[in-house]
Amino acid sequence: MSRTPPDEALIAGEWRRGAGAPNVTVDPATGAPLATVHAVSVEEVAEAARAAASAAADPRWRALLPHQRARLLVRIAELIDAEAEQLAALQTADTGKALTETRALVASAAGTFRYTAAALETAEEALTPARGAYVTMSVYEPIGVVGAINPWNSPIASDAQKLAPALAGGNAVLLKPAEWTPLVSLALGRLVTRALDELALPRALLAVLPGPGRIVGDALVRDSRVGKVTFTGGTSTGRTLAHAAAEKLMPLSLELGGKSPTIVRADADVEQALAGVMFGVFSSSGQSCIAGSRLFVARELYEDFVGELVRRTQKLRVGPGTDPATQVAPLVHHRHRDAVAGYVDLARSEGARVLCGGAVPDGPQYADGAYYLPTVLDGLANTARTCQEEIFGPVLVALPFDDEDDLVAQANDSVYGLACGIWTRDHRAAWRLARRIDAGTVWINTYKQFSISTPFGGMKDSGLGREKGRDGIRAHQRQKALYWGTAESPLPWAT
Ligand code: NAD
C-alpha cells in the first residue's frame, strides 16, 4: 500500500490535497508504491496564481530591500542542510538515483540558495553616462509571478535553480514538479513554508502544484498572472511552451535536451579519458541532459580505447541507489526503462553492434526494479536515429573520426547544442575545438562538473537563455530606465 503524505500540494499558502486525479509514485528500485499524490485542478492553478500575485505585491515582501530578501534564501539553505539526509533518502526513493548522487544534489541545492543570497547582497545597478542634462540609470523590478516547471531527473537541484533566483528577484513562484517525482519538491516546499512563516512573509510566495503537464503545466503557462516561465524538460515540450508564451508575449527560459559529443583525441591521457567518458554517460544512469552520449575517438586509438571502455563498462556495479557500492542505479520508471530498451532495439535494426549491455540485468535482485545494463554501441553513422535522438539512459554510441574537420562536422551535425567534452593533452587543440563546437558548455579534461557561478544553458534545440551565475537573478526581473532631469530648464519648450 502506498502511503498518502499529509501535504500533497501547496495552493494559495495552504497545504492540502489537490482536487485532481490521484497519482501513485513508485520506488523504481523495487517497483513498490511510495505515495499517492493528487494532482491539483485547473481551478486550483488559477487560485494559486491569484494568491501568488497578491503575495508578490504584498508590502511585507515587495518593500523588502535586496539584502532583506537574501535572509529568506539563507534560511532556506539552512533548513535544507538540517534535513539533508532525509531529503537525499527521499529523492533516492522517488527517482532511484544513487544516494551518493542525491546527497550531492541536496548539497548543491543549499549552495544555490546561499550563492544567490550572496549575489543579491552584492548586486549593483549601473549609472550610465548621461547624454544630456539628466542622470540615467537602470533599475530592476520583480516580474510578479514566475512559473517554474521541472523534469524528473534531478528535482531538488533543478527546483533550487529556479526558486532561488526567482525569489531573489522579488517574485512569487508557482512550481510544478514532474509527475513521476513530486515528493522532494513537496518536501522542499515545506521547508520554504517554514522559512516564510519564521520571517512573517506571505505563504503564497510559493505554490507547489503537482499534476500532469498537459493539464496543470498548461494552465500555469497560460494563466494571465504568470509573467515568466522557466522550464527544464524535453525539447518538444519546450516548443509547445514557447508557442503559449508567444501568445502572451511572455519571456521564458528553456533548458532542454541534448546529445552531447565527448571527444577523445589521440593525444589524450587515456586513463583519464576512460574514466571521464564512463562517468559522463553512465552516472545518473544516463538520465542527464548533459550526458556525453556520443563518443568520438580518433581512428588510430579507436579499437583499443573502445575495447577497454567496454571491458570496464561490463564491470560497473548495477544496483539499488541505497547501496553505497552502486555505480549504475535503476532508471526513474519502468516505462522509461522500456523506452530506453526500445532505443537499443532501434539501434540493432539500424545495424549497430551491441558491444556490451543492451539488456535488462539477470538476477532476482533486478526482477522488480527498472534496471538496464550500461550499453555501448558502435557501427552506426552519425546520421542514424540512435546518434541523433536523445535516449536519456545508460546508452553510449561510439564513432571514429579521421581529422579535426571531420570531427567538427560530425559533432555539430545535431539539432542539439548543450554540452561537449574534450580529452586531449594539447591545449591549443582543446581551445580550437572548444570554440568550433556548438555547445553551451564545453568541458576540457573533465566532464559533468558544475559551478553555480557559471551560467548554464543550451544552443540550438537545447534551449533558450541561461540559468545560474549572477545574471540569473536579472533574468527574473524587469528592467526599467530612469531619467532624472538636472537642468533648471529641462525641456526645449519653455512655458
Ligand atoms: P518533459 O518535457 O516530458 O516534462 C518536463 C516537465 O514539463 C514536467 O513537469 C511535465 O509535466 C511538464 N509538461 C509536459 N507537457 C507540458 C505542457 N504541455 N505544458 C506545460 N508543462 C508540461 O521532460 P521529462 O521527460 O520530464 O524530462 C526529460 C527531459 O528533460 C530530457 O529531454 C532532458 O534532456 C531534459 N532536461 C534538460 C535539462 C537542462 O538543463 N537542459 C536538465 C534536465 C533535463
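This is a predicted model: local features need pLDDT of at least 70, side-chain atom pairs count only at pLDDT 80 or more; totals for chains, interfaces and linings use all residues.

I count a salt bridge when a side-chain nitrogen of Lys or Arg sits within 4 Å of a carboxyl oxygen of Asp or Glu.

**Entry 1: salt bridges**

With that cut-off, I get 34 salt bridges in the structure. I looked at Arg-16 and Glu-14 to begin with: their closest N and O atoms are 3.1 Å apart, so the pair is within the 4 Å limit. Arg-16 is buried at 18% relative accessible area, while Glu-14 is partly exposed at 41%.

Next I checked Glu-141 and Lys-480, whose side chains meet in a salt bridge at 2.9 Å, N to O. This pair links distant parts of the chain, as Glu-141 is in strand E6 (residues 134-142) and Lys-480 is in strand E22 (residues 477-485), 339 residues apart. I have Lys-480 down as partly exposed, with 38% relative accessibility.

**Entry 2: a charged network**

Which residues are linked in a network of salt bridges? I find Arg-265, Asp-267, Glu-404, Asp-405, Asp-426, Arg-432 and Arg-436. From that set I picked out Glu-404 and Arg-432, which form a salt bridge with the closest N and O atoms 2.9 Å apart. Glu-404 lies in helix H14 (residues 404-412) and Arg-432 in helix H15 (residues 427-436), so this bridge ties together parts 28 residues apart in sequence. Is Glu-404 buried or exposed? Buried, at 18% relative accessibility. Arg-432 comes out partly exposed at 40%.

**Entry 3: helix H8**

I moved on to helix H8 (residues 213-222) and listed its buried residues: Val-216, Gly-217, Ala-219, Leu-220 and Val-221.

**Entry 4: positive phi**

Most residues other than glycine have a negative phi, so I went looking for exceptions. Ala-12 is one of them, with phi near 55 degrees. I place Ala-12 in the loop between strand E1 (9-11) and strand E2 (14-16), and its relative accessible area of 26% makes it partly exposed.

Ser-285 also has a positive phi, near 50 degrees. Ser-285 lies in the loop between helix H10 (270-282) and strand E13 (294-298). At 2% relative accessibility, I log Ser-285 as buried.

Methods: Residues are numbered from 1 along each chain as its sequence is written. Side-chain values use heavy atoms; hydrogens and water are left out. Buried means under 20% relative accessible area, exposed over 50%, partly exposed in between (1.4 Å probe, protein chains only). Helices (H or I, at least four residues) and strands (E, at least two) are DSSP runs, numbered from the N terminus.
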